[in-house]
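Colleague: I would like a close look at one part of this model, with the terms spelled out as you use them, and then an account of how the rest is arranged around it.

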Amino acid sequence: MTNETMLKTIAAMLYEHDRATGASGAADVLANPGSWAEDEKAALFLPFYWNAARLITEIQGRMDSAGKPAGTLAALKRINKDAFTNSKGRPWHQGMFLQQGKWCICDGFRAVRLNDDVPSLSHADNSPDNVSRRINLDEIFPDPTAGELVDLPAVPELKTWIAVQKAECGKEWCKGNPYRLHAGKMEIGVNPQYLLDMLQALPGCTARATSPISPIYFTAENGDGILLPVRLQKRAAA
């Protein structure tokens with residue numbers, strides 16, 4: 001069983017416990033497992049929540065210490081696969097390509113530019129005609145110093161959020177339910193799986209945003225990238 005599957009199972013058990021008992025602690029345990037795991041009173045009076053929180057923090061620890069190079073390659077493979085799927089009829093974007101000294105992948109929703117080639121990834125056809133048709137990423141990448149710093153989640157935190165959404169919503173978990181990022185006073189919606197791929201493809205990255213509808217710019221030691229946001233629906237009035 002993978003770490004993600006275990007998190008999804010724990011989330012489902014917590015929600016089922018609340019439905020069966022009339023309690024309402026599941027959401028808080030999933031949002032703040034570290035606080036629950038350290039709460040001595042919870043260990044005495046709310047052992048089900050406390051044990052669930054301890055399991056979640058243990059799983060998050062394993063995910064945080066898991067092989068980052070393998071996670072980076074897996075994320076790049078997902079982006080590269082989407083570049084093929086989303087670029088049907090446009091072979092110039094189907095795979096990794098060299099541009100301005102950077103090794104690039106662009107799937108229409110996100111783009112990464114790496115300092116080094118990844119030979120195990122499929123590469124786009126570099127015929128002169130294809131090269132001339134490619135989007136110039138320099139023209140769409142924003143000023144790296146512009147905008148506000150984005151408060152990015154840690155990979156284990158985001159994986160936990162995704163697992164919770166899958167437990168709550170099933171197969172339709174991602175539709176109409178973006179992950180909310182914050183940059184200064186801005187709230188920015190993003191596809192959570194695309195965000196996870198960016199965090200793993202560019203480990204240790206930081207990000208900046210100039211508006212809720214402009215590309216989010218990521219930079220890391222191994223390269224940089226952009227992710228297009230999604231529009232957020234207004235929160236319902238309390």
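Colleague: What relative accessibility does Leu-46 have, and as what does Leu-46 count?

Modeller: Leu-46 has a relative accessibility of 38% and counts as partly exposed, the class between buried (under 20% relative accessible area) and exposed (over 50%), judged with a 1.4 Å probe and protein chains only. Please keep in mind that this is a predicted model, in which local features need pLDDT of at least 70 and side-chain atom pairs count only at pLDDT 80 or more, while totals for chains, interfaces and linings use all residues. Residues are numbered from 1 along each chain as its sequence is written, and side-chain values use heavy atoms, with hydrogens and water left out.

Leu-46 sits in the loop between helix H4 (40-45) and helix H5 (47-65), where helices (H or I, at least four residues) and strands (E, at least two) are DSSP runs numbered from the N terminus. Together with Leu-44 and Phe-45, Leu-46 makes up a nonpolar patch on the surface, and the three share about 360 Å² of accessible area. Patches are built from residues with over 30% relative accessible area and no salt bridge, like charges being joined within 9 Å and nonpolar side chains (Val, Leu, Ile, Met, Phe, Trp, Tyr) within 5 Å; the areas come from the Shrake-Rupley method with a 1.4 Å probe, and for residues only the protein chains shown count as cover.

Of the 238 residues in the chain, 42% are buried. Gln-100, by contrast, is exposed at 59% relative accessibility; Gln-100 belongs to the loop between S1 and strand S2 (102-106), and its phi is near 50°, a positive value in a residue other than glycine.

Turning to charged side chains, the whole structure holds nine salt bridges, each being a side-chain nitrogen of Lys or Arg within 4 Å of a carboxyl oxygen of Asp or Glu. Arg-78 pairs in this way with Asp-197, their closest N and O atoms being 2.6 Å apart. Since Arg-78 lies in helix H6 (residues 68-86) and Asp-197 in helix H10 (residues 192-201), the pair ties together parts that are 119 residues apart in sequence. Arg-78 is partly exposed at 31% relative accessibility, whereas Asp-197 is buried at 2%. Asp-197 also forms a salt bridge with Arg-110, again with closest N and O atoms 2.6 Å apart, and this pair links distant parts of the chain, from helix H10 to strand S3 (residues 110-114), 87 residues apart. Arg-110 in turn meets Asp-107 in a salt bridge of 2.7 Å, N to O, and both Asp-107 and Arg-110 are buried. These contacts belong to a network of salt bridges that links Arg-78, Asp-82, Asp-107, Arg-110 and Asp-197.

There is also open space to consider. The second largest pocket has a volume of about 250 Å³, and of its 14 lining residues the closest to the centre are Leu-30, Ala-31, Glu-157, Thr-160 and Trp-161. Helix H2 (26-31) and helix H9 (155-169) are the elements that give two or more residues to this lining, with H9 supplying the largest share, six residues. On a 1 Å grid over the protein atoms alone, a pocket is an open set of points where a 1.4 Å probe fits, with protein on both sides within 12 Å along at least five of seven lines, and lining residues have an atom within 4 Å of a point. Grid points are joined across faces, edges and corners, and the volume is the space filled by probe spheres set on them. By class, the lining has ten nonpolar, three polar and one charged residues, where Ala, Val, Leu, Ile, Met, Phe, Trp, Tyr, Cys and Pro count as nonpolar, Asp, Glu, Lys and Arg as charged, and the others, Gly among them, as polar.
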